[in-house]
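Colleague: I am new to this structure and would like to learn how to read its features. Please take them one at a time.

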Amino acid sequence: SYYYVPVAFWENQRHYVEIMVEKIDLKTLFRHVCLEYHTPLTNAKGWSDIHSRAAMMERFAYWEREGKECVLLYCGDLDPGGLNISDFFRSNLTDLEGAVGWYPRSLIIDRFGLNYSFIEANKLSWIDNLETSSRGRLDDPKHTDHGKPYVQSYIRQFGARKVEANALVTRPQEGRALCKQAILKYVDHHAAQEYNDFIDEQQEEVRGHIIQLMGATQ
């Protein structure tokens, strides 16, 4: 089906916002909130895919040219890498800046979860190790990254334990509220409903014209 959309939601916003999640389960959890606020939602597990990165960068480039402040909201594990995600993501994007022609220096990268206060308030389960996706353990002194400042800082603060992002699915209402709160930091609360009402009116008007034209040809 094709729908008449005369103006994009973000054209009347100060910011342009996308969300990236570390676990595929969070795409399902956040999907309705993101649809409500017209926010693209991507799974970080595809981050190594150059095409996914390039496509995201092209969207940011377009809206930056339109005068928007671009924002990447991130929700992932509470672990050493998760807390250092802003530096990691910006570096990943910078690798492609020459090919895409967009430079992520002004991109706002805002990690909205998981955070310690949310974990404790909602009694999410901790995992007693710092095992990575490559099966190594950052809490093992033999690991090549064990002595890095971001790892040691994390261990001092939280110990050799972590919480994986998909623990959020056990608290769906709270998880969706967390996502919505993150978006509303950059989007006016009433903007989505006002935009949807406007689009409905425009589509109804076009539908009426089509019906009249079809009647005139019969």
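Colleague: How much space lies in the largest pocket?

Modeller: Rolling a probe the size of a water molecule over the atoms shows where empty space is left. A pocket here is an open set of points on a 1 Å grid over the protein atoms alone, where a 1.4 Å probe fits, with protein on both sides within 12 Å along at least five of seven lines. Grid points are joined across faces, edges and corners, and a volume is the space filled by probe spheres set on the points. In this predicted model, the largest pocket holds about 720 Å³.

The model is predicted, so local features need pLDDT of at least 70 and side-chain atom pairs count only at pLDDT 80 or more, while totals for chains, interfaces and linings use all residues. Residues are numbered from 1 along each chain as its sequence is written, and side-chain values use heavy atoms, with hydrogens and water left out.

Colleague: Which residues lie nearest the centre of the largest pocket?

Modeller: Lining residues have an atom within 4 Å of a point. There are 27 of them, and E22, K45, D79, G81 and S133 lie nearest the centre. Helices (H or I, at least four residues) and strands (E, at least two) are DSSP runs, numbered from the N terminus. α3 (80-83) and α4 (85-94) are the elements that give two or more residues to this lining, and α4 gives the most, with 4.

Colleague: How do α1 and α8 cross?

Modeller: Two packed helices are described by the angle between their axes and the distance between the axes. Axes are lines fitted to C-alpha atoms, for helices over the stretch in contact, and angles run from 0 to 180 degrees between N-to-C directions. The axes of α1 (residues 24-36) and α8 (residues 172-184) come within 9 Å and cross at roughly 35 degrees. Contact means heavy atoms within 4.5 Å; L29, F30, V33, C34 and E36 of α1 meet P172, G175, R176, C179, K180 and I183 of α8.

Colleague: Is E18 buried or exposed?

Modeller: Buried means under 20% relative accessible area, exposed over 50%, and partly exposed in between (1.4 Å probe, protein chains only). E18, in strand β1 (residues 15-21), has a relative accessible area of 0%, so E18 is buried. Among the residues that E18 touches, leaving out those up to four places away in sequence, are T39, M56 and L72. M56 is 38 residues from E18 in sequence, with 8.7 Å between their C-alpha atoms.

Colleague: Why does H146 count as buried?

Modeller: H146 counts as buried because its relative accessibility is 16%. H146 lies in the loop between α6 (116-121) and α7 (149-158).
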